[in-house]
Amino acid sequence: MPTQKDRNSSSTSLFLVIKLLNPLLHHFLNLLFYFFILCLGVVVGIIVHSSLEASFLPYYPTVQSISQLVLVTSPPPPTSSPLPQNYEIEMFLRPPKINIMHNMEDNELFWRASMDPKIPTRPRYISSSPYPFSRTPKVAFMFLTRGPLPLSPLWERFFRGYEGLFTIYIHTNPSYKESMPQGSVFHGRRIPSKRVDWANANMVDAERRLLANALLDINNERFLLFSEACIPLFNFTTIYSYLINSTQTHVDSYDLPFGRVRYNRRMYPHIHMHHWRKGSQWFELDRPMALETVSDTFYWPIFKAYCRCPDEHYLPTLLNLTPSLGSRNSNRTLTWTDWGKRRAHPRSFGGPEVNVEFLKWLRRSDKEYCEHKGVDKTRPCFLFARKFSSNALDKLLRFASTVMYF
């Protein structure tokens, strides 16, 4: 039989075992408790996520729902209040209708504007692939101004009745605070603007800013730059048809000795003298060329650092550096300007100079220039003209219906 000593020894051993196992048991119970809490949290999370998804999915289309909408081949079952075809993708792409102001900085704006679908959605003359939604191509009229638009009544008449086929963008001096009256086609069309100085790089910054804002509207197909002193020479239907059906863009670009003097050798080796071109600031671009312009982070910094009067050299040279785009360029501007006396600024036309004969002559355009550029004699060479002062407005309005037909 065990002695008292043996019993005491056994009790001591049992006590030691229990003492050793107690922390392990306590740790195991803690782990079991935390695991239970984790499982409970996961179950609650799944329930809450399912409830939120069921509540909000109809109002916030996801990328998956948009892709399903485009890829599905059979129509969805009818509902009591069916949505329009391609409703969700149109919601995703819809641009602001009235006020186009935003808080994006230039780097954010250019990044956003440079986005382009990889699936071909190019102009009709390049590809017949349709857009996966209803789209009417529009012309973007971009005005680079110092302040007011003194010829706006003429443009108002020109645009009247063609809403949905054009968009307007205005870049003006930030210090200019007046706004166009409500009901005007120019109302709410100012973009976030910065200071612009003549012959300075910030003028091209403003042009690129206009292009970037216009590219945010996927429906914009052609892009025109104007000053406040430009006028249309034909009615909207003629100009719209001319641009939308054109297989070319219209950027003045030429190589002449007096243009080469502005070439800066510090632009070498990225830009050679034989790349260098000069041309008019007032351009017309298609969407691929506009995308290339706002996406350029290589050549523009070089121009910005070393080029004098880059507004007359950047685009003409960029197109010469990009053969895929330059081969589609007509190498001419659509805006007539009188540089006859080789002055720093073109001739300005006021009320005394404006008459029926002068306007008809502008519509017939400079035959020698047009023939040199290879323009078909049956088509207009210039669609716009400048530089007209505010005191020419009354005569322009008087002759618009009988000469320009709007």
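Predicted model: local features only at pLDDT ≥ 70, side-chain atom pairs only at ≥ 80, totals over all residues.
At what angle do the axes of helix α10 and helix α11 cross, and within what distance do they come?

**View 1. Packing of helix α10 against helix α11.** The axes of α10 (residues 299-306) and α11 (residues 314-321) cross at roughly 140° and come within 11 Å. The crossing of α10 and α11 is right-handed. From α10, the residues Y299, W300 and F303 take part, and they meet Y314, T317, L318 and L321 of α11. Sorted by class, this contact between α10 and α11 comprises six nonpolar residues, one polar residue and no charged residues.

View 2. The loop between α8 (257-260) and β5 contains H275. With a relative accessibility of 16%, H275 falls under the 20% limit and therefore counts as buried. When residues up to four places away in sequence are set aside, H275 touches H270, T317, N320 and L321. Two of these, T317 and L321, also belong to the α11 side of the contact with α10. H275 and N320 lie 45 residues apart along the chain, yet their C-alpha atoms are separated by 6.2 Å.

**View 3. The four-stranded sheet.** The strands of this open sheet follow the order β2-β1-β3-β5, and their pairing is mixed. On average, and with direction ignored, neighbouring strands here are turned by 20° against each other.

**View 4. Strand β3 and its two partners.** What is the sense of the pairing between β1 and β3, and over how many bridges does it run? Strand β1 (residues 138-144) and strand β3 (residues 220-226) are paired in the parallel sense, over six bridges. Within this pairing, A140 stands opposite F223 of β3, while F141 stands opposite L224 of β3. Strand β3 pairs with β5 in the antiparallel sense, over three bridges. F223 takes part here too, with L285 as its bridge partner in β5. Seven of the seven residues of β3 are buried, so this strand is largely enclosed by the rest of the structure.

**View 5. The aromatic pair F141 and F158.** The structure contains 33 aromatic pairs. One of them joins F141 and F158: the ring centres are 6.1 Å apart and the ring planes stand at 70°, over the 60 degrees required, so the pair is edge-to-face. This pair links distant parts of the chain, since F141 lies in strand β1 and F158 in helix α5 (residues 152-159), 17 residues apart. Both F141 and F158 are buried.

**View 6. The aromatic pair F349 and F358.** Is the pair of F349 and F358 stacked, tilted or edge-to-face, and why? The ring centres of F349 and F358 are 5.0 Å apart and the planes are at 35°, so the pair is tilted. F349 has a relative accessibility of 2% and therefore counts as buried. F358, at 14% relative accessibility, likewise counts as buried.

Terms used. Residues numbered from 1 in each chain as written. Heavy atoms only, no water. Axes fitted to C-alpha atoms, helices over the stretch in contact; angles between N-to-C directions. Helix = DSSP H or I, 4+ residues; strand = E, 2+ residues; numbered from the N terminus. Left-handed = near helix turned anticlockwise from the far one by under 90°. Contact = heavy atoms within 4.5 Å. Nonpolar A, V, L, I, M, F, W, Y, C, P; charged D, E, K, R; others polar. Pairing = 2+ DSSP bridges. Phe/Tyr/Trp six-rings, centres within 6.5 Å; stacked < 30°, edge-to-face > 60°. Buried < 20%, exposed > 50% of the residue type's maximum accessible area, 1.4 Å probe, protein only.
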